[in-house]
Amino acid sequence: MNTQARPFSFGLSLISRLCAIVNDSSPSSVDYVLADYLLQHYNNLDSLNIYEFSETCSVPRSSIHRFCKKLSYENFRDLKCSSHRDQKAYTYFTSLSEKQDFRTYLSLQITAMMDDMNAILSDSLLLELAMKIHDASSVYLLSSYSSISALKDFQRPMILCQKQIHVVSSPQDSIQLKQASPKDLILVVSAMGRYAENINPVLTAIKGEKILVTASHQNKIHATYDQIILISSMDCHDRKTAYAKYGISYFFDMLYSFYYRRFGIPHP
């Protein structure tokens, strides 16, 4: 990702955006210096003002304004407000990690999640989706930064089944996606529903069959899609749960198994 060339993707949390800059930028760049400082002082952003930020990092305030705009925030205050939404979203992980019986509790949550997903995702549904992927001229997988690794883990072994999948992290910038045809399949992954809400303005203008994989039961994010695949029997809208972290990977592992058994094994 070229963090100095264009704004960041829809659906990226502030933490994800800052981590992406630190991971991919040169340590000597202004973006790296600012992102690294914000990550180191993330828990104290409320008390950080732009003057202190500018002086400590030895950059003019105009550079900070440009940095905020590049991350799709109106100003530094807007960036700081975003950190509160991040903290709410990650409450699941912090509350989970502080438990003394962490291993037992997490194991039970994952087991319950898998049982629920096994009940709600029928074999026929997964096979139908596998067949749609096989028959589509092109397949595009869209998700937020937090789920992109699960999609790439699905993308790579699909090559062995002679099916190329496009993983799109920035739908607003993807020329291929914008040129999609009615014969293409667009699979959007948004466990919490927030990403689906954010990309809706872009997605409505794109052709192709649109399927949403989500744990959100909110009808307001379902209207754009031709099919909704729920991975949870309970509404997890705007809440980080085990479904967001582990459920997406489990879903694509199951989907790949169905695809491989149907289309990947050579038949005489």
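A salt bridge is a side-chain nitrogen of Lys or Arg within 4 Å of a carboxyl oxygen of Asp or Glu. I began with Lys 69 and Glu 74, whose side chains meet in such a bridge at 3.2 Å, N to O.

**Basis.** I noted that this is a predicted model, in which local features need pLDDT of at least 70, side-chain atom pairs count only at pLDDT 80 or more, and totals for chains, interfaces and linings use all residues. Residues are numbered from 1 along each chain as its sequence is written, and side-chain values use heavy atoms, with hydrogens and water left out.

**Confidence.** I looked up the pLDDT (the predictor's confidence in each residue, from 0 to 100). The mean for the protein is 88, and 91% of its residues reach 70 or more. Over residues 1-11 the pLDDT is below 50. Where pLDDT is low, the predicted coordinates should not be read in detail.

**Salt bridges.** I found 7 salt bridges in a search of the whole structure. Lys 69 is partly exposed at 46%, whereas Glu 74 is exposed at 55%. I then turned to Lys 132 and Glu 128, which bridge at 3.7 Å, N to O. Both lie in helix H8, 4 residues apart, about one turn of the helix. Helices (H or I, at least four residues) and strands (E, at least two) are DSSP runs, numbered from the N terminus. Glu 128, Lys 132 and Glu 209 are linked in a network of salt bridges.

**Lys 80.** I located Lys 80 in helix H5, residues 76-89. Lys 80 is buried yet has no salt bridge, and the nearest side chain of opposite charge, that of Asp 46, is 5.9 Å away. A polar atom of the Lys 80 side chain lies 2.7 Å from the backbone oxygen of Leu 48.

**Cores.** I recorded the nonpolar cores, each a set of buried Ala, Val, Leu, Ile, Met, Phe, Trp, Tyr and Cys residues joined through side-chain atoms within 4.5 Å. The largest has 39 residues; among those touching the most other members are Met 117, Ile 133 and Phe 154. Helix H12 (242-264) is one of the elements that supply at least two residues, and H12 gives the most, with 12 residues. Apart from this core lies another, of 21 residues, including Leu 14 and Leu 48.

Terms used. Buried < 20%, exposed > 50% of the residue type's maximum accessible area, 1.4 Å probe, protein only. Lys, Arg positive; Asp, Glu negative; His and termini not counted. Polar contact = N/O pair within 3.5 Å; in protein donor to acceptor, adjacent residues only side chain to side chain. Contact = heavy atoms within 4.5 Å.
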